[in-house]
Amino acid sequence: MTCGVQYAEPRDDCPICEDERQYVGWDGQRWTSVEELRESGHRGRVAEEGPGVYGVGTRPPTAIGQRALLVRTPTGNVLWDMVSHIDDDMVREVRELGGVDAIAISHPHFYGSMIEWAHAFDAPVYIHEADRRWVARPDEAVRYWSGDTLEIAEGLTLVNAGVHFAGGQVLHWRDAEDGRGALFSGDIVQVVNDRDWVSFMYSYPNLIPERPRTVRRALRLLEPYAFDRVYGGWWKKIVHVDGKEAVRRSADRYLRFALDDE
Ligand SMILES: [Zn+2]
């Protein structure tokens, strides 16, 4: 009920909650199911978030309130990130928007009910090999990849930025915004409340900053990609213009503080 990640079968512990990046809910480990979410009145919320991009979330929110994004492109639709809930109305709404050809998830906190969604659309789920141990519900739909980048369709590239989780990935859409590009970043590259900036954390709830060398590596891997918008993991958490410059100056600021280098 805290991280919202679905397991294959009942168990006592949740390794994702027990990891130092997360926490066990204050009332102890508690569990729910997709059926219970439906019965307790959870519904889908599908709404436009930008050109060609629809948010797919729930009301009331599940897990940490993140929303997924349906990225609609001429070469296929990607469902980026994930929620815990799924129901027939949500599936129908997403189908009316062209359905899902592939799913990719930034990192384990957002695995949610990814296998349910994969089965609903007969779509593969791209996960970086470095996070294999966190996949809570193993399934044939999961496609592990390794290396720094993977083009999953023309102009749609996963980049293993590696911030927050070793397998942490972001999605670059080359042809977004009339060719200016967009980056879908989950909380690997976290869009912060003042939405011209981003930041980088190893743990958000426990406030552990990311290692400077990991931030530098992410910056280096993103260097070849142009992007105007950066879509973070929550509703309206979006850098609207000059996203690439926002990431650069934010990394500079982060490193200046982290390294105490005036
Ligand atoms: Zn996270």
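## A tour of the zinc site and the aromatic pairs

Select F121 to begin: with a relative accessible area of 11%, F121 is buried (under 20% relative accessible area, with a 1.4 Å probe and protein chains only; exposed is over 50% and partly exposed is in between). This is a predicted model, in which local features need pLDDT of at least 70 and side-chain atom pairs count only at pLDDT 80 or more, while totals for chains, interfaces and linings use all residues. Residues are numbered from 1 along each chain as its sequence is written, and side-chain values use heavy atoms, with hydrogens and water left out.

The structure holds six aromatic pairs (rings of Phe, Tyr and Trp, the last by its six-membered ring, with centres within 6.5 Å; planes under 30 degrees apart count as stacked, over 60 as edge-to-face and the rest as tilted). The rings of W117 and F121 have centres 6.1 Å apart and planes at 10°, so this pair is stacked.

Now select W134 and F165, both of which are buried. Their ring centres lie 5.8 Å apart with the planes at 90°, so the pair is edge-to-face.

Then move to the zinc ion, whose protein donors are H107 (NE2), H109 (ND1), H164 (NE2) and D187 (OD), 2.2 to 2.7 Å from it (donors are N, O and S atoms within 2.8 Å of the metal, or 3.2 Å for Na, K and Ca; water is not among the atoms, so sites may look incomplete). Along the chain, these donors follow the spacing H-x1-H-x54-H-x22-D.
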